[in-house]
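Hi,

Here is the structure I promised to pass on.

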Amino acid sequence: MDTIQVGIVGGGTVGTGVLRICQTHQKDIEKRLGGSLEIRSVAVRNLKRERHAVFKDIPLTPRASDIIDDPSIQVVVEVMGGVDDAFRVVEGALKA
């Protein structure tokens, strides 16, 4: 069973929801994928902000580039909001 490594850029309301869905439905997702799904890292603007429990065992970084430039991450999920920074993240992920 292969593991798909995922990086999430954005740890707000939507990022928290994505993590919650991945954790709550992990077995169903893995069954459909034919492999496991691992959230490798989440890029957040403020490392000091209190986070929901879904972030408990997931490394946080203040830089989206840490996710985009990580060769072990196969899928980048952009849920940071805004337009310009989000565009740069998506563009960087596609180039990588």
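What follows is a short tour of the sheet, a few single residues and the salt bridges.

First, the ground rules. This is a predicted model, so local features need pLDDT of at least 70 and side-chain atom pairs count only at pLDDT 80 or more, while totals for chains, interfaces and linings use all residues. Residues are numbered from 1 along each chain as its sequence is written, and side-chain values use heavy atoms, with hydrogens and water left out.

**The sheet**

Helices (H or I, at least four residues) and strands (E, at least two) are DSSP runs, numbered from the N terminus. Two strands are called paired if DSSP finds at least two bridges between them. On that basis there is an open sheet of four strands, in the order 3-2-1-4, with parallel pairing. Strand 3 (60-61) and strand 4 (75-78) are at the edges with a single partner strand each, so one side of each has no neighbour in the sheet.

Going through the pairs:

- Strand 1 (residues 2-9) and strand 2 run parallel and are joined by eight bridges; D2 stands opposite G35 of strand 2.
- Strand 1 also runs parallel to strand 4, with four bridges between them; here I8 has V77 as its bridge partner.
- Strand 2 and strand 3 pair over two bridges, again in the parallel sense, and A43 stands opposite T61.

Helix 1 lies across strand 1 and strand 2 (35-43), and runs at about 155 degrees to strand 2. For that angle, axes are lines fitted to C-alpha atoms (for helices, over the stretch in contact), and angles run from 0 to 180 degrees between N-to-C directions.

For burial I use relative accessible area: buried is under 20%, exposed is over 50%, and partly exposed is in between (1.4 Å probe, protein chains only). T61 is in strand 3, and at 6% relative accessible area T61 counts as buried. Contact means heavy atoms within 4.5 Å. Setting aside neighbours within four places in sequence, T61 is in contact with S41, V42, A43, V44, L47, D66 and I67. A polar atom of the T61 side chain also lies 3.2 Å from the backbone nitrogen of R63.

**Q23, on helix 1**

Q23 sits in helix 1 (residues 13-24) and is partly exposed, with a relative accessible area of 39%. Beyond its neighbours within four places in sequence, Q23 is in contact with V54 and I58. A polar atom of its side chain is 3.0 Å from the backbone oxygen of V54. That is a polar contact, meaning a pair of N or O atoms within 3.5 Å; within protein, one must be able to donate a hydrogen and the other to accept it, and residues adjacent in sequence count only if both atoms are side-chain atoms.

What does R51 have around it, not counting residues up to four places away in sequence? R51 touches G11, V44, N46 and L60. R51 is in the loop between strand 2 and strand 3. R51 is buried yet has no salt bridge, and the nearest side chain of opposite charge, E50, is 9.9 Å away. Lys and Arg count as positive and Asp and Glu as negative; His and the chain ends are not counted. The R51 side chain does have a polar atom 2.8 Å from the backbone oxygen of N46.

**Salt bridges**

Side chains of opposite charge can pair when their charged atoms come close. The rule here is a side-chain nitrogen of Lys or Arg within 4 Å of a carboxyl oxygen of Asp or Glu, and the count comes to four. Among them:

- R63 with D66, the closest N and O atoms being 3.1 Å apart. Both ends are partly exposed, R63 at 45% and D66 at 32%.
- R88 with D85, at 2.6 Å from N to O. These two are three residues apart in helix 4 (residues 84-95), which means a separation of about one helical turn. R88 is partly exposed at 48%, as is D85 at 39%.
- K95 with E91, at 3.8 Å from N to O. They are four residues apart in helix 4, again about one helical turn. K95 is exposed at 68%, whereas E91 is partly exposed at 33%.

Cheers
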